[in-house]
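This report covers selected strands, a helix, a loop residue and the surroundings of the ligand. Please read it alongside the sequence and structure shown here.

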Amino acid sequence: MKNGYSRREFINRLGLSGIVAGFGAGNLFADQYKPGDDELKSGKILKDDKGKSAVLRSGKIFQPERELQLKSDVDVLVIGGGAAGVAAAISARKLGVNVALVERYGCFGGLFTGGLVLCLIGTYKKIDGQPVQIARGVNGELINRLAALGDCGITKAWKDGKDPNADPEAAKYMLSEMVRESGAKVFLHSWGVDAIMDGEKVRGAVFESKSGRQAILAKVVIDASGDGDIFAAAGAEYAKYSRYIGLVHRIGGLPLDKNVNTPIKGVKWLNMRGDATEDGLDVETLTRLEMDYRKKIWDSVEKFKKTPGNENAFLLEIAPQLGVRTTRLLKGVTHLAYDTAVKPDVFKDVVGIASGGGASQIYISYGALVPKSVDNVIAAGRCISMDLKVAETCRLIPACFTTGMAAGTAAAIAVKDSCVPRDVNIEKLQKTLKENGAYLG
Ligand SMILES: Cc1cc2nc3c(=O)[nH]c(=O)nc-3n(C[C@H](O)[C@H](O)[C@H](O)COP(=O)(O)OP(=O)(O)OC[C@H]3O[C@@H](n4cnc5c(N)ncnc54)[C@H](O)[C@@H]3O)c2cc1C
């Protein structure tokens, strides 16, 4: 090993070997271990309630009707803790309403962190030839906090008006702190599985976790699941697409003096486009891609290691979250069609501007977040109402933070003004967004 870290050295340098040994010490020598009284007392014998399980009748499977435990009753419920969901929860809390945030994995950031999609494309937009930071508000605060962590949080390029790349662990940590500080009630390891309906109005969502199937009631639900899981369950109209699905990875052990695209020396990030028409809502497709891509990546890293200068490279990490780009796109009050969305002054209800991905700017209409018919649900992030060309820009990470901010702010205003999201006062919404740092042009 000349000038890069081996996998073992890399772990040692991060101090992880010590941490792993420390955490594991209690379990290393099972024969020396004696359970304490409290542990022994916790070993209760239980039998789950009868009548909850599905039943097989005449070759068909039925699920009996049952009452669900009400876990929480809030003003705003956000399903999904990716860029959009985190921004929505924080922005709604800023206006003083009660917020619950439900996320299926154990961390925040969604594809940005769990999907290892680290490059914040569209942080800047060129105005009169000069880069102007448009990733502001929650996204701007995150960038500042990552920069304040020193060399490990975000690449320095952002200071020169270039889109920065973040470190996934630093971003997960910072997002977690920002959510904690917001005071939102958080449910991690919880999968939103259904909408709770009262006629045409959404009144909350059902979620599933190790605690079983439970319910949260809310005045407004924000669907930030990326795939529109909740607005679809609520019966809102949407278009469904099969698109590129990738799996992203990082390689370590590169020469320390080599220029890399992550904040950590010797570590490189590799994005993946994938095949054009894959169904991100089909579990068998997701399973096949996960397994095939894993082999592909392993083989490609083995090849890479054989190239001069990269002998000490190793596969540091494959994203724990498969990279699904686009599945359901809402049919909203406004549909963002490329030809009109690039023009200023078309929409009177602009709640943010997105850039990058081929468009110098997309004006985001609030109507693109609101379903045509179903009430009390707002979409945020990569599943808002748009055509595929607009999606190339509006599904980028900064744009998802932007629509998340707009959704959270609108939801809070709807609660405070006792109106449905489609009737939110647009002037008030735009004014509040600006006060909280959003860039509306
Ligand atoms: C391979 C790939 C490469 C990309 N490259 C770039 C790039 O270089 N730069 C860039 O800016 N953008 C890039 N993008 C786009 C960008 O990463 C995503 O569009 C963006 O991060 C989406 O944010 P989101 O919050 O809308 O959704 P997501 O990040 O998908 O977040 C949704 C969150 O909701 C959770 N969730 C989902 N369903 C449920 C449920 N039913 N209940 C509870 N929780 C749920 C998920 O776990 C996740 O945390 C890329 C995307 C992919 C897939």
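How many of the 20 residues of α11 are buried? The model discussed here is predicted.

## Helix α11

In α11, 19 of the 20 residues are buried, so the rest of the structure largely encloses this helix. A residue is called buried when 20 or more other C-beta atoms lie within 10 Å of its own.

The length of α11 agrees with expectation, because 20 residues at 1.5 Å a residue should span 28 Å and the end C-alpha atoms are 29 Å apart. Just after α11, Ser-418 has a positive phi of about 50 degrees.

Strand β4 covers residues 99-102, and all of them are buried. Val-99 and Leu-101 point one way from the strand, while Ala-100 and Val-102 point the other way. In a regular strand, side chains alternate between the two faces of the sheet.

β4 is paired with strand β3 (residues 69-79) through four bridges, and the two run parallel. Within this pairing, Val-78 has Leu-101 of β4 as its bridge partner. β4 is also joined to strand β7 (residues 185-187), by three bridges and again in parallel. Here Val-102 has Phe-187 of β7 as its bridge partner.

Which loop holds Gly-183? Gly-183 lies between α6 (168-182) and β7. Gly-183 counts as partly exposed because 14 other C-beta atoms lie within 10 Å, a count between the limit of 12 or fewer for exposed and that of 20 or more for buried.

Gly-183 and Ile-90 are separated by 93 residues in sequence, yet their C-alpha atoms are 8.3 Å apart in space.

## Surroundings of the ligand

The ligand is surrounded by 39 residues, of which Gly-80, Gly-82, Gly-110, Gly-226 and Gly-381 are the closest. Two or more residues of this shell come from each of α4 (83-94), β8 (191-198), β16 (323-324) and α11 (397-416). The element that gives the most is α4, with three residues.

By residue class, the shell divides into 19 nonpolar, 13 polar and seven charged residues. Both domains take part: domain 1 (69-241 + 327-435) and domain 2 (245-323) each supply at least three residues to the shell around the ligand.

Terms used: Residues are numbered from 1 along each chain as its sequence is written. This is a predicted model: local features need pLDDT of at least 70, side-chain atom pairs count only at pLDDT 80 or more; totals for chains, interfaces and linings use all residues. Two strands pair if DSSP finds at least two bridges between them. A residue is near a molecule or strand if its C-beta atom, placed from the backbone, lies within 6 Å of it. Ala, Val, Leu, Ile, Met, Phe, Trp, Tyr, Cys and Pro count as nonpolar, Asp, Glu, Lys and Arg as charged, and the others, Gly among them, as polar. Domain bounds come from an automatic or database domain assignment. The expected span of a helix is 1.5 Å times one less than its number of residues.
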